[in-house]
Amino acid sequence: VQVFGRKKTATAVAYTKEGNGMIKVNGVPIDLVQPPTLRYKVLEPILLLGKKRFEGVDVRIRVRGGGATARIYAIRQALSKSLVAYYQKFVDETSKKEIKDILLNYDKSMLVADPRRCEPKKFGGPGARARYQKSYR
């Protein structure tokens, strides 16, 4: 099953197939994802659903674009969505529903992409909304 996860400009594509529980991100095991401070964010789906559900599947994820944090969130979303899609296609509907409910109760961004993007800068100010200071004297 091929599924993608997105956050800002980062895109992660996950391929899920039958296997023995190997999860790799850009060819590196998921336990070694950089930066270490955000590693728990990537492992959240596994910790929430338990290792048991990931034992029968192999997941290969490739990530492009975005910064470190956006990439982490994209990977996390791709991993969650791929497991749900795999269970829907190859296992049964009830276990898929169970997984989906656990993930959505914990954090909606695990399965649903965040539509927020950076607003472009306009003239007459230093940023998107802020304006230059006005002086009368």
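**Exercise 1.** Which side chains meet in a salt bridge of 3.4 Å, N to O?

*Solution.* Start with the ground rules: this is a predicted model, where local features need pLDDT of at least 70, side-chain atom pairs count only at pLDDT 80 or more, and totals for chains, interfaces and linings use all residues. Residues are numbered from 1 along each chain as its sequence is written, and side-chain values use heavy atoms, with hydrogens and water left out.

Next, apply the salt-bridge rule: a side-chain nitrogen of Lys or Arg within 4 Å of a carboxyl oxygen of Asp or Glu. The pair is lysine 41 and glutamate 44. Both lie in helix α1 (residues 39–49), three residues apart; helices here are DSSP runs of H or I, at least four residues, and strands are runs of E, at least two, numbered from the N terminus.

Finally, check accessibility, where buried means under 20% relative accessible area, exposed over 50%, and partly exposed in between (1.4 Å probe, protein chains only). Lysine 41 is partly exposed at 23%, while glutamate 44 is buried at 11%.

**Exercise 2.** Find the parts of the chain that the salt bridge between aspartate 107 and arginine 76 links.

*Solution.* First, the two side chains meet at 2.7 Å, N to O. Then place them: aspartate 107 sits in the segment after α4 and arginine 76 in helix α3, 31 residues apart. Aspartate 107 is partly exposed at 22%, and arginine 76 is buried at 1%. Last, follow the shared partners: Lys41, Glu44, Arg76 and Asp107 are joined into one network of salt bridges.
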